[in-house]
Amino acid sequence: MTYTHIRRSVVCWLTLFTLCSSITLFSSMTIASTTADLDKLEALIQQQNQSAAWQLASELMPEQEGDPRFDYLFALAARGSGHLHQAVFALERALLSRPQSSDIRLALAVSYFDLGNLPAAEREFQLLTKTSLPDRAASLVQGYLQRIEKLRNPEQGYWQNWLQLGAGRDSNPNSGVDEEFLFIPLLGQVRLFEQSQERDSSFSELQAQLNWILPQDQHSAFYLSAGLLHSEYAEDVVFSRTYASATAGYQTRWQDYRLSGEVFYRPIQLDGNSYLDYKGLKTTISHPIGVNLELGLDLTYARQSYDELTALDKSQLLAEGWLSSRFGMAEHKVHLRWGTENSQQNRTNFNSRGYLGVGYRWQQLFSDHWTSNLSLDYLSGEYDQPHPLFGEVRDDSYRRAELEVSYRFNPQWRVLATISHMRNDSNIVIYQYRRTRAMLGVRYAF
């Protein structure tokens, strides 16, 4: 039985139980402040008005965080709107204040289960079996324990995977120049190959992602992932391409810090031939600086190795500081990027550069089914030495904007539409290009 099948089979029972059990919990809590607001929030949850409940819970959070009743209601609202991680944090706070509450512990156990953290979920369910529970609650706990037993052995880890098919159109898939002839000071007027010129083409693509997670406790896990993206184009002069990736890492939480480290390998093929290997390691540290704010830093060291164009081989060092925030049904993230790329050969130092960038991400949940993602990026950098053919120091600026809208039919199936625009401006003509890409796809999670 797959994880998504298990979630679908218990969601009705979970909704019924949480609504009934909330009455028992709330009757035992006597905190008087903002009772009217909390009563309104409870009513919205019972009415299953998930969008309004999450909006109100987010507005109340700055003043009410730490109140066990609010934390419990906030968690139910977060669960209903798909913010499972925030639900877990709120329930953990509430349980610290009321460790004898079986209602809070059950909600936390179910949230761990929905996140795929089966060892933590099993531990909480086992603690619940040692308490006196109503018949309905006891039956629900046993049902979850049986499903966990059928799903996996806790020491063997679990899988989260998806497969996506898409089709669309790309105005310039080879990032070519909108010129047929190019003047090069040392060579004069030169005619470009067709592959270096701008060409419009329709395309189809297959994308797959496999993720294996091995939890150690409720905050730590090892993980492995593998991905594949293959694109085929209608135009013969456009390269088909295959991007693959393999990642191994570990993530944990220490006090209020979230830490992770991973190694990765990402090869690229063009027309079935090996083109580039990109490999390295990445570390991340983040810390909450407010109720809805988190500050983080990503550090990456990588090497690019070309199969034939070995003169282009280079090492890369990248630092990215970011600030993320959650307000209502929206998540925002702003990042600042600094990096260097150093050629592996002294004679090709004209390929070395330093660069700076800024970016913005916005994810908006409109309902239980509709989600949108907007990303904006800008990157600018000057190279170290004059280009040997053009006699100038290359200076580029890159812009990218992408919008994705998706509709989820159920936990397994969703349809999505994406449109993106990329533009690279350079003082050397051959590196200038514009590109617009639109795609419609369907994704299956398993």
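Me: To start with, is the crossing in which helix 2 passes helix 4 left-handed or right-handed?

Reply: Happy to take you through it, keeping in mind that this is a predicted model. Helix 2 passes helix 4 in a left-handed crossing. Helix 2 covers residues 35-46, and its axis comes within 10 Å of the axis of helix 4, with a crossing angle of roughly 30°. The two count as roughly parallel because angles under 35 degrees are put in that class.

From helix 2 come Thr35, Leu38, Asp39, Leu41, Glu42 and Ile45, while helix 4 brings Arg69, Phe70, Leu73, Phe74, Leu76 and Ala77. Sorted by class, this contact holds eight nonpolar residues, one polar residue and three charged residues.

Helix 4 has another partner to look at. Helix 3 spans residues 50-64 and helix 4 spans residues 68-80; their axes come within 9 Å and cross at roughly 145°. This crossing, too, is left-handed. On the helix 3 side, the contact is made by Gln50, Ala53, Trp54, Ala57, Ser58, Leu60, Met61 and Gln64. On the helix 4 side, the residues are Phe70, Phe74, Ala77, Ala78 and Gly80. The class count for helix 3 with helix 4 is nine nonpolar, four polar and no charged residues. If you colour the model by contact, you will find Phe70, Phe74 and Ala77 of helix 4 in the contact with helix 2 and also in the contact with helix 3.

Helix 6 (residues 102-115) and helix 7 (residues 118-129) have axes 7 Å apart and pack at an angle of about 155°. Angles over 145 degrees count as roughly antiparallel, so helix 6 and helix 7 fall in that class. Their crossing is left-handed. Helix 6 contributes Ser102, Arg105, Leu106, Leu108, Ala109, Val110, Tyr112 and Phe113, and these meet Leu118, Ala120, Ala121, Glu124, Phe125, Leu127 and Leu128 of helix 7. By class, that contact has 12 nonpolar residues, one polar residue and two charged residues.

To draw the helix picture together, helix 4 meets helix 2 through residues including Leu73 and Leu76, and it meets helix 3 through residues including Ala78 and Gly80. The contact between helix 3 and helix 4 has no charged residues, whereas the contact between helix 2 and helix 4 has three and the contact between helix 6 and helix 7 has two.

Terms used
Residues numbered from 1 in each chain as written. Predicted model: local features only at pLDDT ≥ 70, side-chain atom pairs only at ≥ 80, totals over all residues. Heavy atoms only, no water. Axes fitted to C-alpha atoms, helices over the stretch in contact; angles between N-to-C directions. Helix = DSSP H or I, 4+ residues; strand = E, 2+ residues; numbered from the N terminus. Left-handed = near helix turned anticlockwise from the far one by under 90°. Contact = heavy atoms within 4.5 Å. Nonpolar A, V, L, I, M, F, W, Y, C, P; charged D, E, K, R; others polar. Parallel < 35°, antiparallel > 145°, perpendicular 65-115°, else oblique.
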